[in-house]
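Here are my notes for you to read next to the model. Have a look at it first, then work through the points.

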Amino acid sequence: MHSEADPGAVFEEDFVRVLAIGAHPDDIELGCGGSLAAHRASGDEIALLVLTTGEQGPQAAASRVDEQHQAAEKLGATLIWGSFDDGDVPDGRPTVDLIQHVMGDVAPDVVYTHAPNDTHQDHRAAALATFGAARRASRILRYESPTTTTFSPSLFVDIERSLDRKVELICAHVSQVLKNGLVDVEAIRAQARYYGFKARVHYAEGFETERFLWDLEAGRDGPERLAMDLRDVDELDIAVLR
Ligand SMILES: [Zn+2]
């Protein structure tokens, strides 16, 4: 593994920390690029872990590496590479150990990864290894790929303001967009519209939830507001008791 920067030094502020995991360059942008753009617009910190350089794809690895760097830069994300061979990502210990190591550095509040039902063995392996490595994480969302088979999303992210950004990120992967029929910008917009329709908004990304903690008490205005609310409750209880 090598990384653009020391991931341990990246997240110094109290933002939501996001880790998105993909087997190949462009998987993450296709699966959750709109949500990541929305995270970034909210000031959240994003790390991308790409397990292989995608050297078996329609374009040589060198250009796919360069394209993934450009996409990460456009997104404002830290890029971390795994060193597995394209087509040969293990679903067991080596991948689990790598993801655990990255999670230790990034300390993500939410993890995005592949959905497990997929015709590509690397996507299945990335999903299974993430579930093992993130077994103590509170929020794991599974995203869809063009090769996903069965997928039943129940959590949707409104990407009306981020859809164009998602398309920009995907278009950074020029070799895939131009030469691979699986990357189709019209289909990406149509999918966002369809999931938006299901979610009662205009455009959305859909996710399956491996696990999702809804932290209502710490949400909105944060722990200080919560402490104030609890004081109010105490005073109310005392008043009622009297
Ligand atoms: Zn892939």
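This is a predicted model: local features need pLDDT of at least 70, side-chain atom pairs count only at pLDDT 80 or more; totals for chains, interfaces and linings use all residues.

1. Which residues in helix 5 meet which residues in helix 7? Leu163, Val167 and Ile170 in helix 5 meet Val185, Ile188, Arg189 and Ala192 in helix 7. Contact here means that C-beta atoms, placed from the backbone, lie within 7 Å. The residues of this contact split into 6 nonpolar, no polar and 1 charged (nonpolar: Ala, Val, Leu, Ile, Met, Phe, Trp, Tyr, Cys and Pro; charged: Asp, Glu, Lys and Arg; polar: the others, Gly among them).

2. Residues are numbered from 1 along each chain as its sequence is written.

3. Back to our pair: the axes of helix 5 (residues 163-171) and helix 7 (residues 185-198) come within 11 Å and cross at roughly 150°. Those axes are lines fitted to C-alpha atoms, for helices over the stretch in contact, with angles from 0 to 180 degrees between N-to-C directions. The two helices are therefore roughly antiparallel to each other (angles over 145 degrees get that label).

4. Zooming out, the protein chain has 8 helices and 8 strands; these are DSSP runs, numbered from the N terminus (helices H or I, at least four residues; strands E, at least two).

5. On confidence, the chain's mean pLDDT is 86, and 80% of its residues reach 70 or more; pLDDT is the predictor's confidence in each residue, from 0 to 100. Over residues 1-12 the pLDDT is below 50, yet this stretch has 25 contacts beyond near neighbours in sequence.

Note on methods
Angles under 35 degrees count as roughly parallel, over 145 as roughly antiparallel, 65 to 115 as roughly perpendicular and the rest as oblique. Two residues are in contact if their C-beta atoms, placed from the backbone, lie within 7 Å.
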